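Open your viewer and get ready to select residues by number. We will walk through a few stops together, one selection at a time.

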Amino acid sequence: MPTETVPVIRNFVGGTFAEPDPEHCFTKTNPATGTPLATVHEADRALVDRAVRSARGALEDGWADTPVRERTALLRRAADLIEERFEDFVAAEVGDTGKPVTQARELDVARAVANFRAFADIVAAAGQDSYLTDLPDGRRALNYAVRKPLGVVAVIVPWNLPLLLLLTWKVAPALACGNAVVVKPSEETPSTATLLAEVLADAGLPAGAYNVVHGFGAGSAGEFLVTHPDVDGITFTGSSATGTEVMRAAAPGVRPVSFELGGKNAAIVFDDVDVEEALDGLSRSVFTNTGQVCLCTERLYVHRSVFADIVDGLAERAARLRLGDPLSTRTTTGPLISHEHRRKVLGYFDLAEAAGAKVVAGGGTPHLGPELDGGAWLEPTLWTGLTNADRPVREEIFGPVAALIPFDTEEEAVALANDTSYGLAAAVWTNDLRRGHRVAQRMDVGMAWVNTWFLRDLRSPFGGAGLSGIGREGGASSLHFYTEPTNVCVQL
């Protein structure tokens with residue numbers, strides 16, 4: 001039953017908010033306090049069907065044929081409106097995730113605005129492929145490709161960066177290319193997807209081109225959406241296990257999928273590194289967003305000659321992190337998303353202890369006072385004494401934790417870093433430019449950084465290999481996924 005003391009978050013279908021059904025609601029809690037944040041309307045199969053049909057209707061009513069200049073102008077208006085409601089988005093993001101307000105302002109919401117503007121520019125500047133062909137028999141032909149919208153796209157996003165990289169990163173190019181979308185946000189972070197519905201409607205997006213259905217995965221809105229026969233493509237970010245199920249659901253219609261899945265990302269720190277610079281970067285890559293970023297570093301391979309310096313320096317930086325009220329600008333680190341997720345992460349603490357790990361920072365749950373102790377808080381944690389054979393080093397944990405392991409040679413470091421079923425990202429820290437290029441190119445990942453982390457150009461391809469996903473998004477890669485080409489051949 002809905003809780004009267006908290007707001008109600010409703011589904012958005014066909015340009016309007018659906019009235020909640022008291023029998024199909026669930027409570028979203030604040031991860032920082034453990035108290036109720038909102039009551040969320042869970043979409044049933046009939047409402048998901050209505051959302052997909054509304055999306056199809058928007059395409060048939062002319063959205064797919066809207067000129068590119070009009071679609072991109074609408075995205076720019078949406079960016080302007082997000083800026084006008086900047087603090088509303090910040091409040092929604094902080095409430096849903098518990099992340100510090102400073103991060104929400106400087107990274108999440110600011111990048112959401114940038115995503116809309118960047119993809120408007122990318123689509124506006126995109127041309128068509130064309131080829132003038134001379135045939136052996138003397139004939140000439142002109143071949144050119146016409147890119148048309150993919151159609152109705154299911155957009156399924158998780159809870160860690162719901163607005164920044166995962167919602168606007170997908171919705172902006174999908175809409176810019178003329179598709180209609182049905183978004184299923186995580187049940188843990190329903191607010192910003194719903195707020196974005198208001199912004200897009202105010203920007204002039206036709207009814208049905210953007211829909212939001214709330215709920216869970218199996219037996220709920222997620223399953224109803226990915227199995228719907230009128231969905232033309234699926235873009236999903238989340239766990240590798242869930243990605244397997246989504247792929248199985250997509251198979252009957254042979255529908256295209258774009259998956260950005262889990263990661264067990266490595267950093268390699270060589271002996272010629274600038275230690276302070278590396279420590280600053282490693283601290284960000286391990287602890288940003290409480291380690292709840294698919295690109296975060298969980299495995300640190302450090303040359304033996306600087307191993308003690310890196311261990312001590314990173315432990316000191318972990319101790320500096322300030323856990324506390326997410327609305328305080330002094331807070332640097334928020335809670336995990338839920339108590340359920342914290343139990344999972346703490347399970348790896350037990351596994352690390354059983355494997356003989358030495359805790360050099362953190363290792364438990366903090367006490368932050370009566371107002372926050374009900375939240376899903378966890379101490380930033382570092383281990384030494386583990387090997388690649390141990391489960392905490394092999395399996396994605398998705399928390400503010402990392403294992404530090406020494407190495408002696410470049411070949412050994414590369415072998416250790418590539419010894420994983422995942423292949424999302426890696427970082428190489430060295431002052432030898434040739435070594436940086438050489439080692440980064442040998443990483444079996446979709447993205448490799450040298451002397452930095454999380455530095456992104458929206459025109460570059462984003463995605464992973466192995467258990468980390470299928471396909472790429474960003475720049476031209478996004479345009480290729482969200483459109484279908486038709487080649488036209490004209491004999492001259």
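Start by selecting Phe119, Trp169 and Phe462: ring pairs link these three into a cluster. Rings of Phe, Tyr and Trp (its six-membered ring) pair if their centres lie within 6.5 Å; planes under 30 degrees apart count as stacked, over 60 as edge-to-face and the rest as tilted. The model you are viewing is predicted, so local features need pLDDT of at least 70 and side-chain atom pairs count only at pLDDT 80 or more, while totals for chains, interfaces and linings use all residues. Residues are numbered from 1 along each chain as its sequence is written, and side-chain values use heavy atoms, with hydrogens and water left out.

How many aromatic pairs does a search of the whole structure find? The search finds 11. Trp453 and Phe454 are both buried (under 20% relative accessible area, with exposed over 50% and partly exposed in between, using a 1.4 Å probe and protein chains only).

Next, show Arg435 with Phe270. The charged end of Arg435 sits over the ring of Phe270, 4.3 Å from the ring centre (this needs NZ of Lys or CZ of Arg within 6 Å of the ring centre and within 35 degrees of the ring normal).

Now switch to a cartoon view. Helices (H or I, at least four residues) and strands (E, at least two) are DSSP runs, numbered from the N terminus. Colour residues 130-134, which form strand E6, and 483-491, which form strand E23. These are the edge strands of an open sheet of 3 strands, ordered E6-E7-E23 with antiparallel pairing. Two strands pair if DSSP finds at least two bridges between them; E6 and E7 (residues 140-149) have 5. Zoom in on Leu132, which stands opposite Leu142 in E7.

For another strand pair, select E11 (residues 233-237) and E12, which pair in the parallel sense over 4 bridges. Here Phe236 stands opposite Phe259 in E12. In a regular strand the side chains alternate between the two faces of the sheet. Are the residues on the two faces of E12 (residues 257-260) buried or exposed? Val257 and Phe259 on one side, and Ser258 and Glu260 on the other, are all buried.
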